[in-house]
Amino acid sequence: MTTFIQNLSDQLQKARDKQQWRTLREVIPTNAVQATVDGKRCWMFSSNDYLGLSMHPDILQRATDILQSHGLGAGASRLISGSTDWHQRLQRRLAQWKQRPQSLVFGTGYAANLSAIASIATAKDIVIIDKLCHASLIDAVKLSGATWRSFPHLNYDKLRELLKKYDSSEKKIIVTDAVFSMDGDCANLKELVAIKKEFDAVLMVDDAHGTGVFGPACGSGWEEQQEVAQDIDISVGTLSKALGAFGGFIVAQETIIEHFINYARPFIFSTALPAAVAGAAEKAIELIETQPALRATLWKNVHQLNEGLMMLKLIEQPSLSPIIPIIVGESEKAVVLSRFLQDHQCFVPAIRPPAVGLGQARLRISLSAKHSPEMCAHLLNVLETAKQKGLV
Ligand SMILES: *Cc1c(COP(=O)(O)O)cnc(C)c1O
């Protein structure tokens, strides 16, 4: 074995020893909440397809029609010839939905975050980021070359201290998730807007998990729920979660969007989304806006699970979002519990370090409008049995 391969093997062995070994499973979906995983039929409590739109017949029809007219691949980046009528239509609807002057669609939410931060922050700036922000934001900040600091999760007093300390930086950029992906809790965007104004900072919010889920009138996100959409300078979202499609986007004012078109390298040097995906996402927004019952069913499920998990004393407080973590501590415990659930027809992934902090391993339940009350009750029953067996 060469030294190169030997080094990689040693590193992999360390992951095995720490119960952090990861492998891919084969998942064959039956519908939005059911799949065969490694040969076993399961109810899926693992997807970010919160409204079940990845399988909605109207959306699939839209995608199929565009596939026929526009073909599969876009063939070039947006700036060359990949910017179709469907990209423009989607961008107009996104801007309208999110109540902003303009929007720009990217290949993924990850690319949108890289684009935004790396094209705006420079070595003269300070970026201050919530410690539990999504990995794509952390990677983006590192790539930007800006000085950066993190503040303890949701601790805005610490954020204020850091803003004071770095007051002489050219730009001060505050970055947060709206809904935190591993904890399911939410940023206080009202307070962040007040802080941003007080310190003359730029506020960037990643509403990936809020988009399509929160917002009483339009379902456009946690920023709508908190009534702060107009005050967020850069708002990122994904088409890949509640919209059930694929891709990422940013909404902002015109100058900021023009800046990304001209300077954001992940936007410039990557092929455009397929037009069929853009058109499907546009249809998904239409359904979210016109069918609030989808969200209402999702929230009924969240309520049922929260109540059941509180009764079982598996969570300390109800989750504010469709992401409900059951924190078990050690990685091994999370793996054993996840396997037990899978043996009982429930697929709930074990989330381990480095995705979460050491000793913070957990089961991460995510709910969909397509789960029935019976499926939720079944999951609670299996968890109760696991608890009686001392697995959690
Ligand atoms: C999923 C996620 C992303 C990445 O979006 P993709 O479209 O999957 O690349 C970015 N930020 C947050 C908070 C996410 O949860």
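# Report on a predicted structure

L8 is found in helix 1, which covers residues 3–17. The model described here is predicted.

Together with M1, F4 and I5, L8 makes a nonpolar surface patch of about 450 Å².

R16 is placed over the face of W21, and the distance to the ring centre is 3.9 Å. In the loop between helix 1 and strand 1 lies Q19. Although Q19 is not a glycine, its phi is positive, at about 60 degrees.

Strand 7 runs through residues 172–177 and is mostly covered, with 6 of its 6 residues buried. In a regular strand, side chains alternate between the two faces of the sheet. In strand 7, K172, I174 and T176 point one way, while I173, V175 and D177 point the other way. The residues of both groups are buried.

Strand 7 pairs with strand 5 (residues 126–130) in the parallel sense, over 4 bridges. Within this pairing, I126 has K172 of strand 7 as its bridge partner. Strand 7 also pairs with strand 8 (residues 202–206), again in the parallel sense, over 5 bridges. Here the bridge partner of I173 is V202 in strand 8.

An open sheet has 4 strands in the order 1-2-3-12, and its pairing is mixed. Its edge strands are strand 1 (27–31) and strand 12 (346–347), each of which pairs on one side only. Strand 2 (residues 34–37) and strand 3 (residues 40–44) run antiparallel and are joined by 4 bridges. In this pair of strands, Q34 stands opposite W43 of strand 3.

| Strands | Sense | Bridges |
|---|---|---|
| Strand 5 (residues 126–130) and strand 7 | parallel | 4 bridges |
| Strand 7 and strand 8 (residues 202–206) | parallel | 5 bridges |
| Strand 2 (residues 34–37) and strand 3 (residues 40–44) | antiparallel | 4 bridges |

## Aromatic pairs

A search of the whole structure finds 4 aromatic pairs. One of them is formed by F214 and W222, with 4.9 Å from centre to centre and 70 degrees between the planes. This pair is edge-to-face, since the angle of 70 degrees falls in the range over 60 degrees that defines the class. F214 and W222 are both buried. With W299, these two residues form one aromatic cluster.

## Backbone details

E227 lies in the loop between helix 9 (222–225) and strand 9 (234–238). Are the two residues buried or exposed? E227 is exposed, because its relative accessible area is 64%. Q19 is partly exposed, with a relative accessible area of 30%.

A further backbone detail concerns P353 and P354, which are joined by a cis peptide bond with omega of about 5 degrees. P354 belongs to the loop between strand 13 (350–351) and strand 14 (361–366).

Technical notes:
Residues are numbered from 1 along each chain as its sequence is written. This is a predicted model: local features need pLDDT of at least 70, side-chain atom pairs count only at pLDDT 80 or more; totals for chains, interfaces and linings use all residues. Side-chain values use heavy atoms; hydrogens and water are left out. Patches are made of residues with over 30% relative accessible area and no salt bridge: like charges are joined within 9 Å, nonpolar side chains (Val, Leu, Ile, Met, Phe, Trp, Tyr) within 5 Å. Accessible areas come from the Shrake-Rupley method with a 1.4 Å probe; for residues, only the protein chains shown count as cover. A salt bridge is a side-chain nitrogen of Lys or Arg within 4 Å of a carboxyl oxygen of Asp or Glu. Helices (H or I, at least four residues) and strands (E, at least two) are DSSP runs, numbered from the N terminus. Rings of Phe, Tyr and Trp (its six-membered ring) pair if their centres lie within 6.5 Å; planes under 30 degrees apart count as stacked, over 60 as edge-to-face and the rest as tilted. Buried means under 20% relative accessible area, exposed over 50%, partly exposed in between (1.4 Å probe, protein chains only). A charge sits over a ring if NZ of Lys or CZ of Arg is within 6 Å of the ring centre and within 35 degrees of the ring normal. Two strands pair if DSSP finds at least two bridges between them.
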